[in-house]
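User: I am new to this structure. Please take a close look at its aromatic rings and the nonpolar residues around them.

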Amino acid sequence: MRKRRGIASYAAIIWAALALAGCAASRADLDPPLHADALTAIKPGQTTQAQVIALLGQPQVIKAVDGQVLFHYYHYTLKHETFLLFSRVNIAGDDIYVFFDKAGIVQNIVSGNRTDGLKFQFWPFGKD
């Protein structure tokens with residue numbers, strides 16, 4: 001009987017060591033966070049491309065879309081957790097799209113913020 005308890009104790013210690021050795025968490029960010037408060041200073045029909053760059057910095061992407069120029073700013077966050085053989089990855093992004101007319105004046109702004117609610121989730125099966 002005593003031998004069984006000893007084996008069970010050793011098995012529990014080995015299992016705990018493996019579980020702790022197999023745990024990892026990491027976070028990665030792509031490009032700097034966006035400052036949504038600067039968006040309030042951008043006025044459609046008034047703000048120029050130079051003013052947008054002064055407020056938000058150089059855009060990561062500049063495209064021509066249907067005769068308009070599009071500035072795309074983004075920030076992505078990735079959070080990765082591993083427990084033994086099970087992993088969970090969460091990715092969220094913040095995007096700002098600024099559309100300009102041919103004269104370089106802002107016509108429209110579209111933005112989304114998804115990184116604020118992104119949290120670490122150590123349990124790999126479903127929700128916390």
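Analyst: Start with a cluster: ring pairs link Phe 71, Tyr 73 and Phe 100. Rings of Phe, Tyr and Trp (its six-membered ring) pair if their centres lie within 6.5 Å; planes under 30 degrees apart count as stacked, over 60 as edge-to-face and the rest as tilted. This is a predicted model: local features need pLDDT of at least 70, side-chain atom pairs count only at pLDDT 80 or more, and totals for chains, interfaces and linings use all residues. Residues are numbered from 1 along each chain as its sequence is written, and side-chain values use heavy atoms, without hydrogens and water.

Phe 71, Tyr 73 and Phe 100 also belong to the largest nonpolar core, which has 9 residues. S4 gives the most, with 3. Strands (E, at least two residues) are DSSP runs, numbered from the N terminus.

The whole structure holds 3 aromatic pairs. Tyr 74 and Tyr 76 form a tilted pair, because their ring centres are 5.5 Å apart and their planes at 35 degrees. Tyr 74 is buried, at 17% relative accessibility. Tyr 76 is partly exposed, at 31%. Buried means under 20% relative accessible area, exposed over 50%, partly exposed in between (1.4 Å probe, protein chains only).

Terms used:
Core = buried A, V, L, I, M, F, W, Y, C linked by side-chain atoms within 4.5 Å. Helix = DSSP H or I, 4+ residues; strand = E, 2+ residues; numbered from the N terminus.
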